[in-house]
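My entries follow the display.

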Amino acid sequence: MQSILTINDLRKIYIKKNGFFNKEQTEINAVNNVSFRVNAGETLGIVGESGCGKSTTGRCIIGIETPTSGSVAYDDGQYSYRFDSQQKQNNIDREYWHKVRYIFQDPNASLNARLSIYESLSQPLVKMGITRRSEIETKVSQVLRDVGLRSEYMNRYPNEFSGGQRQRISIARALIVNPKIVIADEAVSALDVSVQAQILNLLQDLQHKYQLTYLFISHDLSVIKHICDRVAVMYMGSLVELGSVEEVYSNPQHPYTKALLSAMPISHPRERGSMTRVALRGEVADPSCLPEGCNFSPRCPERCDGCDQYQYELVETNQRHIACIKA
Ligand code: ATP
Ligand code: MG
């Protein structure tokens with residue numbers, strides 16, 4: 001399959017100042033040497049516990065965060081663009097901003113309460129150089145209908161809508177410039193379960209209609225299972241396993257994936273199959289003080305000699321990628 005996005009050795013270290021007169025500095029390793037490809041037309045999930053670096057990865061990909069090192073390359077066959085850690089945030093190509101769009105978890109944060117829906121949705125078009133009101137209105141009506149809202153809603157304000165409707169508007173804002181990739185960061189996490197299902201179905205319909213590739217960030221394994229083709233499992237800033245949803249869910253290889261999946265609620269005992277429950281010891285380590293060797297080793301039930309020596313990178317084993325000494 002053709003890859004549309006290639007992430008290479010992405011790393012993001014945040015510097016936190018503390019102590020007397022902020023003289024001390026701690027480095028927070030939010031993302032460590034993450035590499036993966038996103039295939040055109042697929043939905044790739046990134047899953048992991050809170051604080052494991054999912055959003056930071058997404059934010060580095062769209063360039064609202066400057067990576068400490070590493071590169072991001074985009075190629076859809078007609079347009080290609082590559083940037084790396086040397087590139088300043090405001091130098092990222094505008095065209096790239098239109099090809100890769102972001103949906104945030106909290107629609108209130110992405111929609112300005114003082115702007116009407118028309119004003120919010122027209123902003124990205126104006127940045128693209130489209131200024132004729134009639135053309136903007138046509139596009140705004142169209143995209144509102146595509147996300148299941150009435151076009152008259154363009155004259156209303158965000159506070160007149162429910163959470164689910166607001167998320168639809170955020171989706172419309174992402175889609176109005178006809179992007180190729182949408183990064184959905186916890187796009188349904190803030191919503192009720194019934195509304196979640198509606199939005200997930202809408203995203204699937206829109207994927208066909210707009211020929212989209214999704215990078216779907218979520219901590220929720222059932223949501224990922226529902227919508228993704230492949231999944232990347234992240235732990236403390238590193239990818240530990242990557243493979244098709246079917247294979248990873250039915251036969252997880254990395255001890256962390258096994259533990260995550262065994263904690264997932266199931267609707268019927270039969271679904272658990274031969275999988276046994278894995279209890280995780282201890283807490284997620286502090287990202288400013290990474291353990292020796294494999295980040296997961298202090299909590300790993302399958303820990304052996306050698307685990308504290310080296311952080312293994314993803315290794316391909318029949319379509320599956322695993323970062324573990326056992327691979
Ligand atoms: P969640 O599921 O809670 O959204 P996440 O997987 O998206 O978590 P990130 O938000 O990427 O995690 O954070 C990764 C790590 O980087 C965390 O330890 C977080 O505290 C830290 N971090 C994120 N943003 C910043 C920032 N602007 N300054 C300092 N540290 C940050
Ligand atoms: Mg996040």
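Which residues line the second largest cavity? I found Val47, Leu221, Val231, Val233, Val248, Tyr249, Thr257, Leu260 and Leu261.

**Basis.** I note that this is a predicted model, in which local features need pLDDT of at least 70 and side-chain atom pairs count only at pLDDT 80 or more, while totals for chains, interfaces and linings use all residues. Residues are numbered from 1 along each chain as its sequence is written, chains are lettered from A and ligands numbered from 1 in the order in which they are written, and side-chain values use heavy atoms, with hydrogens and water left out.

**Cavities.** I took a cavity to be a set of points, on a 1 Å grid over the protein atoms alone, where a 1.4 Å probe fits but cannot get out; a pocket is an open set with protein on both sides within 12 Å along at least five of seven lines, and lining residues have an atom within 4 Å of a point. Points are joined across faces, edges and corners, and a volume is the space filled by probe spheres set on them. I counted 2 cavities of 30 Å³ or more.

The second largest cavity has a volume of about 30 Å³. Its lining holds 8 nonpolar residues, 1 polar residue and no charged residues. Here Ala, Val, Leu, Ile, Met, Phe, Trp, Tyr, Cys and Pro count as nonpolar, Asp, Glu, Lys and Arg as charged, and the others, Gly among them, as polar. Strand E9 (230–235), helix H9 (245–250) and helix H10 (255–262) each supply at least two lining residues, and H10 gives the largest share, 3 residues. Helices (H or I, at least four residues) and strands (E, at least two) are DSSP runs, numbered from the N terminus.

The largest cavity holds about 90 Å³ of space. Of its 13 lining residues, Cys294, Cys300, Cys307, Cys324 and Ile325 are the closest to its centre. I classed this lining as 9 nonpolar, 2 polar and 2 charged residues.

I then looked up the largest pocket, with a volume of about 560 Å³. It is lined by 22 residues, and Trp97, Arg101, Phe104, Lys127 and Arg173 lie nearest its centre. Helix H2 (94–99), strand E6 (100–103), helix H4 (117–127) and helix H6 (163–175) give two or more residues each; E6 has the largest share, 4 residues.

The second largest pocket holds about 410 Å³. Among its 22 lining residues, the closest to the centre are Asn33, Val34, Ser35, Glu313 and Leu314. Strand E2 (24–39) is one of the contributors and gives the most, with 7 residues.

**Ligand 1.** Which residues are closest to ligand 1? I found Ser50, Gly51, Lys54, Ser55 and Thr56, out of 13 that surround ligand 1 (a heavy atom within 4 Å). For polar contacts I used pairs of N or O atoms within 3.5 Å. A backbone N or O atom of glycine 51 lies 2.7 Å from a ligand oxygen. The side chains of lysine 54 and serine 55 each place an N or O atom 2.8 Å from an oxygen atom of ligand 1. Helix H1 (54–62) is among the elements that supply at least two shell residues, and its share of 3 residues is the largest. By class, I recorded 5 nonpolar, 5 polar and 3 charged residues in the shell.

Key. Polar contact = N/O pair within 3.5 Å; in protein donor to acceptor, adjacent residues only side chain to side chain.
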